[in-house]
Amino acid sequence: MSTTTQAMTLEAFLSLPETEPGSEFIKGEIIQKPMPQGEHSRLQSKLSAVINQVTEDAKIAYAFTELRRSFGGDSVIPDIAVVRWNKIPREPSGRVSNRFNIPPDWAIEILSPDQSVTKVLKKLLHCSEHGTELGWLINPKETTVMLVLPEQRVQFVEGKATLPVLEEINLSLTVDQVFGWLKF
């Protein structure tokens with residue numbers, strides 16, 4: 001993961017060519033996301049599929065993966081960003097917009113081995129400051145989930161603890177179930 005510190009505006013950052021993996025602009029700092037590895041990829045794809053299985057047909061919400069979102073002066077790319085159905089930006093034709101300039105309703109981050117917990121937590125707190133109702137920071141190494149709750153309360157959960165989800169989503173998952181997906 002590379003980090004560049006330079007005086008730049010959000011607009012100037014957004015005019016730069018995209019990087020692979022993507023770069024984020026947080027508090028004036030350009031931070032390149034790490035390339036996802038096996039555990040990260042498995043948790044991201046499985047969790048987004050489970051959420052969408054419950055929410056998409058009922059038009060409750062949709063879990064987007066690796067979608068750039070620019071708001072509050074920053075531009076972030078949550079691993080999973082869940083947006084309520086009625087808030088999904090759409091073109092006049094009804095198609096989903098390419099640009100999302102709103103915070104997610106629920107932001108999920110999966111910590112990669114070389115990622116800083118502090119930097120990822122700052123991203124979730126930025127989301128929370130701008131209206132995100134729920135944040136998860138999944139830490140595969142420690143098999144814990146750090147929650148960012150309303151009023152920026154932070155809580156750790158593990159084991160058989162049930163993970164909170166958005167109120168209207170009928171989904172019950174424990175921390176153990178989520179980490180159980182890493183076993184084949």
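Colleague: What should I know about the numbers before we start?

Modeller: This is a predicted model, so I keep local features to pLDDT of at least 70 and side-chain atom pairs to pLDDT 80 or more, while totals for chains, interfaces and linings use all residues. Residues are numbered from 1 along each chain as its sequence is written, and side-chain values use heavy atoms, with hydrogens and water left out.

Colleague: Good. In what order do the strands of the open sheet run?

Modeller: The order is β4-β7-β8-β9-β10-β11, six strands with mixed pairing. Strands here are DSSP E runs of at least two residues, and helices are H or I runs of at least four, both numbered from the N terminus. Two strands count as paired if DSSP finds at least two bridges between them.

Colleague: And which strands stand at the edges?

Modeller: β4 and β11 (153-158) do; each has a single partner strand, so one side of each has no neighbour in the sheet. The twist averages 20° from one strand to the next.

Colleague: In which sense do β8 and β9 pair, parallel or antiparallel?

Modeller: Parallel, over five bridges. Trp106 stands opposite Leu134 in β9.

Colleague: Which strands does α2 lie across?

Modeller: Helix α2 (residues 38-55) lies across β4, β7, β8 and β9, and runs at about 160° to β4. For angles, axes are lines fitted to C-alpha atoms, for helices over the stretch in contact, and the range is 0 to 180 degrees between N-to-C directions. Contact means heavy atoms within 4.5 Å.

Colleague: And α3?

Modeller: Helix α3 (residues 117-129) lies across β8, β9 and β10 (144-149), at about 30° to β10. Its 13 residues reach 18 Å from first C-alpha to last, close to the 18 Å expected at 1.5 Å a residue; the expected span is 1.5 Å times one less than the number of residues.

Colleague: Which residues of α3 are buried?

Modeller: Val120, Leu121, Lys123, Leu124, His126, Cys127 and Ser128. Buried means under 20% relative accessible area, exposed means over 50%, and partly exposed is in between, using a 1.4 Å probe on protein chains only. The cover over those α3 residues includes β2, β5, β6 (74-76), β8, β9 and β10.

Colleague: Switching to aromatics. How many pairs are there?

Modeller: The structure holds four aromatic pairs. Rings of Phe, Tyr and Trp (its six-membered ring) pair if their centres lie within 6.5 Å; planes under 30 degrees apart are stacked, over 60 edge-to-face, and the rest tilted. Take Phe64 and Phe100: centres 5.1 Å apart and planes at 65°, so that pair is edge-to-face.

Colleague: Where do Phe64 and Phe100 lie?

Modeller: Phe64 lies in strand β4 (residues 61-65) and Phe100 in the loop between β7 (80-84) and β8 (106-110), so the pair ties together parts 36 residues apart in sequence.

Colleague: What about the rings of Trp106 and Trp136?

Modeller: Their centres are 5.0 Å apart and their planes at 65°, so this pair is edge-to-face. Trp106 lies in β8 and Trp136 in β9 (residues 134-139), so the pair ties together parts 30 residues apart in sequence. Trp106 is buried at 0% relative accessibility, and Trp136 is buried with a relative accessible area of 0%.

Colleague: Which residues have the most contacts inside the largest nonpolar core?

Modeller: Leu47, Val82, Trp106, Trp136, Ile138 and Val145, in a core of 27 residues. A nonpolar core is a set of buried Ala, Val, Leu, Ile, Met, Phe, Trp, Tyr and Cys residues joined through side-chain atoms within 4.5 Å.

Colleague: Which element gives the most to this core?

Modeller: α2, with four residues. Leaving out residues up to four places away in sequence, Leu47 touches Ile80, Ile108, Trp136, Ile138, Leu173 and Trp181. There is also a second, separate core of 13 residues, and Val76, Ala107, Leu121 and Leu137 are among them.
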